[in-house]
Structure formats: C-alpha cells, structure tokens
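Please read the following account of how two protein chains meet, with the sequence and the model at hand.

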2 protein chains.
Amino acid sequence: MRIDIKKCAALLREHNNILILTHAHPDGDTLGCGFGLCRALQKCGKRARVINADNVPPKYAYMQNGLNDDNFKEEYIVSVDVATENLLGSLAESYGGKINLCIDHHGTNTEYAEYLLLEETAAACEIVYRVICELGVEIDKDIADCLYTGISTDTGCFRYASATPSTYRIAADLMELGADNGSINRIMFETKTKTYAHLERLALDGMKFYCGDRVAIITVTQEMYAKTGSNEQETEALAPLTRQIEGVEIGITIREKPDGTCKASIRTFEKINASDFAKSFGGGGHAQAAACRLNCSVEEAKNRLVEKCGEILK
Amino acid sequence: MRIDIKKCAALLREHNNILILTHAHPDGDTLGCGFGLCRALQKCGKRARVINADNVPPKYAYMQNGLNDDNFKEEYIVSVDVATENLLGSLAESYGGKINLCIDHHGTNTEYAEYLLLEETAAACEIVYRVICELGVEIDKDIADCLYTGISTDTGCFRYASATPSTYRIAADLMELGADNGSINRIMFETKTKTYAHLERLALDGMKFYCGDRVAIITVTQEMYAKTGSNEQETEALAPLTRQIEGVEIGITIREKPDGTCKASIRTFEKINASDFAKSFGGGGHAQAAACRLNCSVEEAKNRLVEKCGEILK
C-alpha cells in the first residue's frame with residue numbers, strides 16, 4: 001500500500017527492533033538512508049540495525065562509526081533505496097515477502113513491501129530526511145553526514161539534471177546541521193587510490209567507440225584488476241566517464257566478474273532511457289543511470305550491447 | 001571605500017553606460033558575474049556592456065547569446081571577480097586607476113577601485129545575485145543561467161569546502177528561476193572533446209610524484225597540444241586532477257606557453273595555503289586554488305616548484 005511521509009513516520013513510531021535492509025553492492029544513497037535512519041531511530045529510544053548482503057566499502061565506513069549495533073530479535077523490516085527484492089542480493093532469500101515498509105525513490109519499484117513510501121526524488125536520502133523531520137528527531141552531525149553523503153553521491157555531487165531545488169535546500173539544511181560537505185565530497189569525488197588511478201588510465205586507454213561515435217564502451221577485466229591491484233569496489237567512478245566524450249549518447253562500462261560473466265553499467269542523456277535499456281537485459285535503474293548482468297564473456301556482452309545500441313539509435 | 005550590497009545597488013542605479021570588466025583568461029564566475037549583471041542592468045533600462053582581454057571560451061558562449069552589446073561612451077567602470085588590476089590582462093593599461101566599482105570575493109583584493117563590495121563567498125556570482133535582487137530586477141532564465149554557471153564552476157559543482165548553505169540555496173533559487181542546471185553542469189563538467197580527452201590521458205600518464213608522494217605534478221607542453229589537437233582553453237579541468245590521488249597534499253599543473261615560459265596552477269587541501277604558495281612566485285588566488293607565472297622553462301619551473309613544496313611540507 002502506498003503511504004505518505006506522515007504515515008511512514010507513524011509506522012516507525014509504532015514499532016521497535018527495526019531491521020533496515022540496504023541494497024547489495026551498496027552505494028552512498030542506500031547506506032546514507034540506512035545508517036541515517038538507524039541513528040534517528042536509536043535517538044528515539046528504539047533498537048535498530050542496518051544489514052547488507054555485501055561489505056560496506058571502506059570509504060563509507062564513517063557512516064557506521066560508533067553506531068550501536070547489538071543483536072536483537074527483529075520485529076519490523078524496513079528496506080531503503082531498494083527497488084526490487086532481488087536487489088537485496090543474498091538477503092532476498094531470508095527477507096523476500098517479509099518486508100513491512102519500503103522507503104524508495106525508484107519509479108520502477110515493484111511494490112513488494114506491505115507499505116511503500118515512494119517519491120521520485122534525486123536521492124532516497126531526501127525522503128529519509130523528511131521522515132526523520134516528521135519523527136521529530138533532532139538531526140545531529142552523524143545523521144547529517146549520512147544523509148548528505150547519499151544526496152551528494154546519487155546526484156554526482158549535485159551535477160545531474162535529477163537534482164532539484166529541494167535537493168539543494170535539503171543539502172543546505174544538512175550542512176547547517178553539521179554535515180561536513182568538504183570532507184565528504186573529497187572522499188567521494190576527489191580521492192583516487194593509486195591502484196584505482198592506474199586502472200582508470202588503463203580503462204580509458206582502451207575506450208572504444210561505436211555507432212558513429214555515439215556509443216563509448218570501456219571494459220574492466222579481472223586481468224586489469226590483477227595488473228593494477230585495484231578491485232571492483234573501487235570502480236564506481238568509472239561509469240560516468242563513458243558519457244563525457246563530446247557526442248557520446250550512450251556510455252557503457254562492462255566489468256568482468258570472477259566467474260567470467262559480466263555486469264554492465266549504462267549511462268545516457270535525456271534522449272535515451274537507460275532503465276529501459278537495462279530492462280531489456282533483465283536489469284533496471286534510473287532514466288540516465290542503470291545496470292544489468294550478462295551471463296556471457298566480456299566480448300559477447302560487448303557485441304550484444306552494441307547491437308542493442310544500434311537498434312536504439314536507429 | 002568598502003561598501004555593502006545596498007550601496008552597491010544604489011551606485012549602479014545612479015549611473016548609466018556601464019562598462020563591466022572581467023578578468024583575463026575568463027572563467028565561469030567572472031563571465032557569469034559580467035553577463036548576469038549586464039543583462040540585469042539592461043532590464044533596468046540602462047546601457048551596459050561586458051569586455052574581456054581574451055576571447056570568451058566557446059563553452060561559455062551561451063551566456064552572451066542575444067545580448068545587446070552596442071557601442072556607447074562608457075561612463076561608469078565596474079570590475080567583477082577581479083582581485084587586482086593586473087588580472088585584467090591587456091585591459092589593465094586602459095582601465096588601471098579608472099575603476100569606479102569592484103564586486104569581488106577574493107580576500108586578496110587590493111582595493112584598487114573607488115568603491116569595493118567584497119564578500120568572501122564561494123563564488124562572486126553569489127554577491128551579484130544579491131545585488132540584482134537589491135536592484136529589484138526580476139531574474140529571468142538568461143540571468144539565472146549566467147549566475148548558476150558562476151556558482152557551479154567556482155565550487156567544482158558544489159563540491160569544495162568553500163560552498164556554504166547560502167551557496168546551495170542561491171543555486172536552488174536560480175534553478176527555480178529557470179537556470180538549466182542539468183545542461184550547464186553537463187557542459188562544464190561532463191563534456192570532454194576527444195582532443196582534450198587525449199591530452200588528459202597523456203598528462204595523467206606523465207604525472208610525477210615528489211616529497212614522499214605528497215606532491216603530484218603534471219606538465220602540459222606545446223608539443224602535447226600539437227600532438228592531440230587540444231589547446232590551453234580546453235585544459236581548465238586538468239588542475240583539480242592533480243590533488244585527487246590519495247596522499248597528495250599539493251597538486252601542480254604546469255602549462256607551457258607558446259613563448260616557452262610557464263603558468264602553474266596550484267591545488268591544495270586545507271592544511272596548505274595555495275594563495276601564499278602562489279604569492280611567493282608573484283601570483284595569487286584562493287586558499288585552495290591559486291596560480292602563478294614563471295619566466296622559465298617547464299623543467300626549471302618544476303624544479304623551483306618542487307623545492308618550494310619541500311620547504312612548505314617540512
């Protein structure tokens with residue numbers, strides 16, 4: 001059932017021992033929502049905990065610093081920034097069909113939860129901010145850092161067309177409440193490990209163009225990880241680079257998995273819907289940023305994706 | 001004489017035939033101030049014109065689209081985002097000592113103008129926004145685009161610690177007034193020509209580290225421009241890349257001029273003052289982003305800059 005901010009806050013107020021699920025391969029938005037909401041619920045005197053199918057990447061570790069995370073018998077299950085149950089990764093098995101409340105900003109949400117608070121904001125953290133305000137919790141620096149992180153990372157640091165005046169104003173509020181915008185953005189957007197910097201150079205050197213230079217594809221193989229010492233977790237920043245070349249309308253990053261299959265990240269501009277593109281390969285996402293899995297080799301994935309690009313751009 | 005926003009608006013209201021000077025090698029902030037203010041003054045029924053010692057780079061051309069720019073006998077001279085008269089470049093000769101009003105955000109402003117409106121905001125366009133509001137001019141889409149451009153470019157798209165809650169809120173206001181944030185940020189931050197992309201790869205491949213990897217230097221020579229087809233105007237985005245490698249505290253970009261001398265762009269984090277660094281070579285700028293000229297070869301410039309880094313980091 002679709003609900004509004006008020007009802008969402010009321011549901012959270014009524015329950016305790018709240019388990020918050022974030023999506024697999026977690027990014028700043030799902031973790032910002034999870035840890036921000038968890039801290040706010042604990043400030044209300046509730047027990048709450050965040051879990052994820054995968055490890056929290058080190059650059060997001062500050063969000064959980066000092067967070068009291070004792071065991072409890074979960075009574076109420078909330079998912080944040082999770083469009084479909086299968087995006088929970090390995091948690092889908094245990095929690096599929098059992099999610100009480102979902103807070104999300106994906107138009108593609110499959111309404112799998114008992115209650116759904118859905119607004120198509122640029123970042124899900126914008127919605128969580130308003131839920132926390134509705135709960136009457138005083139937002140402290142730690143909560144502000146979590147929510148600012150989600151908003152900044154999901155908008156490419158306020159760069160994408162998806163960011164609205166409201167996005168900017170919530171960020172301004174969070175800065176006044178203590179969010180350390182300078183440090184957070186430096187960690188998220190200005191800090192490359194030497195290993196990642198090396199991998200990025202290799203990937204860009206190997207960028208290939210198709211469909212009259214309207215498609216750019218970069219490929220990251222297991223061999224490149226081995227050569228540079230980098231790893232998949234470090235490579236979030238790669239996908240946006242593919243659509244930066246003048247004239248490119250579809251940018252694709254293909255990452256080889258250890259088992260030889262692939263994941264493709266798709267970036268587009270307004271004219272082309274990345275989510276529809278990804279859906280045709282069983283994936284999903286947003287209008288300008290989406291992803292899908294391909295159960296084939298990098299070379300075959302590239303061929304299939306280029307063929308699809310050709311159809312779309314015709 | 002230092003003045004406030006009210007007095008600045010009053011001075012502009014009292015005068016006509018207003019010539020607006022922007023700094024040489026113009027960036028988004030000085031041009032945003034110039035064209036934004038010019039459009040606002042014309043909406044007040046005044047004659048106004050923006051000039052620059054150098055050409056307006058093509059990516060900023062939309063700011064002057066359709067701007068009525070007829071000749072007039074200048075009666076009142078205003079400089080925007082110009083910290084010292086010599087930053088006017090070749091215009092310094094004609095206008096040195098003759099500037100009536102300066103609107104600026106550099107703490108290093110030498111108070112060369114008769115009246116100075118100085119606030120140390122992240123972008124000078126924030127000040128111009130408030131001046132235009134004080135003038136009572138209704139901000140239209142064209143003005144909003146100019147001012148948003150200045151704010152976005154001078155904060156690295158809202159990324160730097162210099163951006164304040166007020167910076168974000170003014171940007172939000174400008175978006176509501178029609179600023180096309182998505183397109184502007186795409187042009188400024190997401191669009192690389194193929195020639196620049198090639199130059200960037202060459203420059204990054206040649207990045208060198210000094211002082212125990214706390215200093216990173218990239219060098220752009222005339223030969224590299226020739227090889228890639230790129231040019232100096234395209235290379236604004238290079239400087240921020242130097243301080244992105246983990247552990248780097250000072251990032252320097254040395255660009256060779258056609259005459260064999262050099263310009264160095266210096267980027268630092270909070271602990272080190274880039275403006276002081278640049279001043280010791282006769283340059284200037286902001287606390288974390290500054291620049292200087294060196295009348296020597298690239299190699300000698302590199303040696304002199306590395307030596308200075310060594311002193312600072314000791």
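The paragraphs below go from the interface as a whole to one pair of helices.

This is a predicted model, in which local features need pLDDT of at least 70 and side-chain atom pairs count only at pLDDT 80 or more, while totals for chains, interfaces and linings use all residues. Residues are numbered from 1 along each chain as its sequence is written, chains are lettered from A in the order in which they are written, and side-chain values use heavy atoms, without hydrogens and water.

Between them, chain B and chain A bury about 3,800 Å², of which 51% lies on carbon and sulfur atoms (buried area is the accessible area, with a 1.4 Å probe, that two parts lose on being put together, summed over both). In chain B, the residues that lose the most area to chain A are B:Arg159, B:Tyr168 and B:Glu190, together 21% of what that side buries. Contact, meaning heavy atoms within 4.5 Å, joins 38 residues of chain B to 38 residues of chain A.

Twelve salt bridges are counted between chain B and chain A, each a side-chain nitrogen of Lys or Arg within 4 Å of a carboxyl oxygen of Asp or Glu. In one salt bridge, the side chains of A:Arg201 and B:Asp205 meet at 3.0 Å, N to O.

Both of these residues also take part in a helix pairing, where A:Arg201, A:Leu204 and A:Asp205 of H8(A) make the contact with B:Arg201, B:Leu204 and B:Asp205 of H8(B). By class, this contact has two nonpolar, no polar and four charged residues, with Leu counted as nonpolar and Asp and Arg as charged.

Terms used:
Helix = DSSP H or I, 4+ residues; strand = E, 2+ residues; numbered from the N terminus.
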